[in-house]
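Welcome, and thanks for taking a look at this fold with us. Please have the sequence and the model open while you read.

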Amino acid sequence: MNTIILSVDKDKDNSESYAQAVDFLKKGEVVAFPTETVYGLGAIATNDLAVKKIFAAKNRPADNPLIVHVGTIEEISDYVEDIPDVAKKCMEIFWPGPLTLILPAKKGLFSPNVTAGLSTVGIRMPDHPVALELLQQLKQPIAAPSANRSGKPSPTKAEHVLEDLQGNISCVIDGGGTGIGLESTVLDVTLDIPTILRPGGVTKEMLEAIIGVVNAPNQEEQKDDATPKAPGMKYTHYAPNAPVYLIESNAMKIDKALNELHARGEKIALIAPTDLDNPTAHYHFSVGLQDDLDMHSARLYDALRACDRTDATVILATTTTTDGVGAAIMNRLEKAALGYWEK
Ligand code: TXA
Ligand code: MG
């Protein structure tokens, strides 16, 4: 299959590109498109065959449900059994935006692969002009996981989508770099206490200001069988080819680690803030200035992917606070890494 690249440019008439993308979707093909978090790989959420193509293109395990994307808040009542008051408040304040709400799904509506057999469905309204235009022209819900091969970092540029999926999907709409760079927060609002299943751009602090107490199980608590989990969080994720070790954002600690790695004859890639560049690393991928969490999240996946284009044999990546969006950065880093260089 030849993968077409559809361009959209805010200074041009893009009607041709949208018409082509809508046409592909209506024919049951899969289309990659930008959102404010990462690129998604979309299919019409009620079309069984189209949804199956998403799983095949990504090599995604069948027990991992997809997020349904919508273009309006009003349509939600057609898709779910009930909208709890907390969910209404969240939609009002955080939609469109990087927040997926787990809600009780209407039976028999979505393709069974979308919900992976669960009674709930994850829904979000993306805050990206291209995603919204596509949804509003299509007038149907789009099921879309991140547009990467399963296990790889999510794509934050159209090039990343092509790296993983060229030849396996009908087209990618190239809307440039995504803003946030990490996937949406997944919040289960079917539980007595709303629970974050995956941290993201809408933080625990932001949610609690609107809906009161929110559970946010940490890495340790997530190992407990009784803790509610997103099925996808059990899989290895975001992993470049070379092993990743996490290290504190501290020049002396980085220097010491580099010396030890040099003594072992390793080729080293360092993913760290610009101000912590170390000339002895073979490759340095910057995540912005120290403590700029937004820049760190925007650049992290690009940096992890860039390591795969080098001959690095080991990757050192610096850690952040777990406050605010730092919780999402550390969640992804801990999944990408073999462990801490020293703890
Ligand atoms: O930002 C995002 O959320 C991106 C863009 C494209 O919207 N999408 C994305 O999708 O990250 P994906 O498939 O890579 O991650 C979806 C996560 C998985 O961990 C999945 O297990 C969880 O959401 N999920 C989906 N439906 C669920 C449900 N009914 N109950 C619990 N977890 C669910
Ligand atoms: Mg994903």
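Predicted model: local features only at pLDDT ≥ 70, side-chain atom pairs only at ≥ 80, totals over all residues.

Helices and strands here are DSSP runs, at least four residues long for a helix and at least two for a strand, numbered from the N terminus.

**Two backbone details**

The peptide bond that joins Trp95 and Pro96 is cis, with omega at about -10°.

| Helix pair | Angle | Axes | Crossing |
|---|---|---|---|
| H1 (residues 15-26) and H6 (residues 129-138) | about 60° | 10 Å apart | right-handed |
| H4 and H8 (residues 204-211) | roughly 120° | within 10 Å | right-handed |
| H11 (residues 293-307) and H12 (residues 326-336) | about 20° | 9 Å apart | left-handed |

Let us start with H1 and H6, which pack at an angle of about 60°. That angle makes H1 oblique to H6. On the H1 side the contact involves Tyr18, Ala21, Val22, Leu25 and Lys26, which meet Pro129, Val130, Glu133, Leu134, Gln137 and Leu138 in H6. By class, this contact of H1 with H6 has eight nonpolar, one polar and two charged residues.

Next come H4 and H8, whose axes cross at roughly 120°. These two helices, H4 and H8, are therefore oblique to each other. Here Val86, Lys89, Cys90, Ile93 and Phe94 of H4 meet Met206, Leu207, Ile210 and Ile211 of H8. The contact of H4 with H8 has eight nonpolar residues, no polar ones and one charged residue.

Now for H11 and H12, which pack at about 20°. Angles under 35 degrees count as roughly parallel, and H11 and H12 are therefore roughly parallel to each other. H11 contributes Leu293, His296, Ser297, Leu300, Tyr301 and Leu304 to the contact, while H12 brings Gly326, Ile329, Arg332, Leu333 and Ala336. Sorted by class, the contact of H11 with H12 has seven nonpolar, three polar and one charged residues.

How much space lies in the largest pocket? The figure is about 770 Å³. Its lining comprises 45 residues, and Arg60, Asn64, Pro65, Arg198 and Ala230 are the ones that lie nearest the centre of the pocket. By class, the lining of the largest pocket has 19 nonpolar, 18 polar and eight charged residues.

Strands take part in this lining too. At least two residues each come from strand E4 (67-69), strand E5 (99-104), strand E6 (120-124), strand E9 (185-188) and strand E10 (195-198). Which of them gives the most to the lining of the largest pocket? That is E6, with four residues.

There is also one cavity of 30 Å³ or more. The largest cavity has a volume of about 40 Å³. Around the largest cavity you will find Ile196, Leu197, Pro217, Gln222, Pro228, Lys229, Ala230 and Met233 as its lining. Six of the residues lining the largest cavity are nonpolar, one is polar and one is charged.

Conventions. Residues numbered from 1 in each chain as written. Chains lettered and ligands numbered in written order. Heavy atoms only, no water. Axes fitted to C-alpha atoms, helices over the stretch in contact; angles between N-to-C directions. Parallel < 35°, antiparallel > 145°, perpendicular 65-115°, else oblique. Left-handed = near helix turned anticlockwise from the far one by under 90°. Contact = heavy atoms within 4.5 Å. Nonpolar A, V, L, I, M, F, W, Y, C, P; charged D, E, K, R; others polar. 1 Å grid on protein atoms, 1.4 Å probe; cavity = no way out; pocket = protein on both sides within 12 Å on 5 of 7 lines; lining within 4 Å. Points joined across faces, edges and corners; volume = space filled by probe spheres on them.
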